[in-house]
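Here is a walk through a predicted model.

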Amino acid sequence: MADVIRPPEEGVQALEEQEFYPAGAPAAALGPLAMDGDLSERFEGGEAHTTGSPLRLTLQTFVENKVAIAGMAILVLLVLFCFVGPHIYVTNQKTVNPAFSNYPPSGAHPLGTDNEGFDVLGRLMVAGQSSIEIGLAAGLCAAIFGTLYGAASAVAGGAVDNVMMRIVDALYSLPALFLLILLSAIFSPNLPLMILVLSFIAWLGPARLVRGEALSLRTREYVQAVKVAGGTQTRIVMRHIVPNAIGTIMVNTSFLIADAILALAALSYLGLGLPDTTPTWGGMLSNGTNVIYDGYWWQLYPAGIAIVLTVVAFNFIGDALRDSLDVRLQRR
Amino acid sequence: MTGYVFRRFLQSIVVLLLVTIIMFVMFHLLPGNPAKAELGPKTNPATVAAFDRLNGFNRPVWYQFWVYLDHLAHGNLGFSYVQNASVGLLFAQRFPKTILLLGLATIVAIAVAIPLGILQAVRRNKFDDYMLTGTSFVLYSFPTFWLGIVLIEIFSISLHILPPTAPEGTSVGAILSDWQGMILPVMTLALVSIAAYSRYMRSAMIDSLAQDYIRTAKAKGLSQKAILFRHALRNSLIPMATLIGLSIPAVLSGAVITESVFNYPGVGLLFVQAADSEDFSVLLGLTLVAAIGVIIGNLVADIGYAVLDPRIRY
């Protein structure tokens, strides 16, 4: 029964079937998750053929989810807009041109121009590149570090675990924006440093989540078996705990990316973001707010809508991923 | 129960102690050294030496930490050389205004979010639920500062019905007399909270409605109203009560943004201005105060949960 992907209705039936197995049933009888073993080896073994692997099942339900499709569609369009757009709609985003400043939307400038004479539509594309890149980089860095920290903490156990998690508790009690402003004021970050600062405030969530997962994973037979066989703790973390917690991590990462994009925008608004040489959506908004009393609305809405769309897309993807993981768990 | 409260209390103290260590480390991470950070980059070595002696920065690190803790225990949060005032005093001047803003916004948010959540739970997976869920999802993805500015653009600049800046009165009374200025800041903060709170209320209510005692109540022939308000609602309010304690960090961050959008003279604006003028004593002092607020919020939420829900025993 483990190797077929079922449409949801049959999944319920499968759940009922499981109840006939006694508590000590062989792992193989309990469905895909109970025999999950080492996921990374399955990746290498060609994921196309291992139908019913947890990852495959998750992806399947993810693709069937309308919210997921909407999120992915928005994201793909945004990425095309930001990364392919500037090659089609070519504008000068390098040199300031005061003669063209604050033009309202027209045929030549569909979204008008800003205070420094940059075409707003063109700037929206270029700024989107850095906004999305920084958000992605910060989200991924935070997820990777948080995952390793959480897994290491759980595997180490005892006093080490206790100390490591109290540090997380302490950092968690500093409101993120306060910490973010404080760090930006101390370091006045450039681009790589900004990614570090953003990920520094974001890694706590994944650390807690992965530790929670890892605490239950480390008591499983196959992890015990690795220990008995003399496997190192690094091996347990990298080959067993991380691959098994990957679903939780993926869900969390998409929320982290959304949060990082919002955090960067807030910093830019407060004047603590990146210098104007790296245009970001937050920076555009920050400039746009200076001229709202002049009625230059076209400098206020486009970048804001772009941020909301991006954040909504990542939140949609995260939500849909979580739902599909839940479905996977229900089918166990 | 007493044991749990005691343990939870101890845990909070440990976390608080760690927070002070983090803040102490940050203070020493400042560019250059504390003297340069406080006195500016152009000070001469003699002044720096005098400053270090005066503040004990020539002493061993553990001793400095002890002095730092001692100061904190006496309510001394540091001294702002930029504003020439103690951080404690600056905080005390601004704090009532921030509490006023946060309090009003939280009351509005709860008053709107609870009925919304109930409505969504009752009409689950129907058109109005989808609409409200979609709206709160989008609102939740709004950058707070942009929300504030869009509200200004709509209500002040386009429609001319509300003032774009917050009241600038120095006392709470003066602010309240200029209540129209409070509408937009409170609305900004409340809208973001409503989005989050109504989601929680919806799922708490759905959880309650799925319980056996609801089925029993239905079987007894109770009216829909009685089931909703007497049985389901009361149990759904328990997670909401704790949520308010747990949302303190989000609300504080929201206050920082809202206060700087509307130029509202509260703690958040003080914090942002301190970041602009690189006034690190104020930044560190206020971050510590915010952390204490969060720790207390978490503690109250956890204990409140145990008190409000007699089914939970530790």
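The contact draws 35 residues from chain A and 38 residues from chain B. On the side of chain A that touches chain B, five helices each supply at least two residues: helix 6 (158-172), helix 7 (176-187), helix 12 (246-269), helix 13 (281-289) and helix 14 (301-331). Helix 7 of chain A gives the largest share, eight residues. By type, this side of chain A holds 28 nonpolar residues, five polar and two charged.

Now turn to chain B and its own helix 7, residues 144-158. How far apart are its end C-alpha atoms? The helix has 15 residues, so at 1.5 Å a residue it should span 21 Å. The end C-alpha atoms lie 20 Å apart, which agrees. Helix 7 of chain B also carries a kink of about 25°, centred on Ile152(B). Ile152(B) is buried, as are Thr144(B), Phe145(B), Trp146(B), Leu147(B), Gly148(B), Ile149(B) and Leu151(B) of this helix. Just after helix 7 of chain B comes His160(B), with a positive phi of about 55°.

A further positive phi belongs to Asn263(B), a residue other than glycine, with a value near 60°. Where does Asn263(B) lie? Find it in the loop between helix 12 (248-262) and helix 13 (267-276) of chain B. Is Asn263(B) buried or partly exposed? It has 14 other C-beta atoms within 10 Å. A buried residue needs 20 or more, and an exposed one has 12 or fewer. Asn263(B) is therefore partly exposed.

Conventions
Residues numbered from 1 in each chain as written. Chains lettered and ligands numbered in written order. Predicted model: local features only at pLDDT ≥ 70, side-chain atom pairs only at ≥ 80, totals over all residues. Helix = DSSP H or I, 4+ residues; strand = E, 2+ residues; numbered from the N terminus. Expected span 1.5 Å × (residues − 1). Bend = angle between axes of the 7 residues up to and from the residue. Contact = placed C-beta atoms within 7 Å. Nonpolar A, V, L, I, M, F, W, Y, C, P; charged D, E, K, R; others polar.
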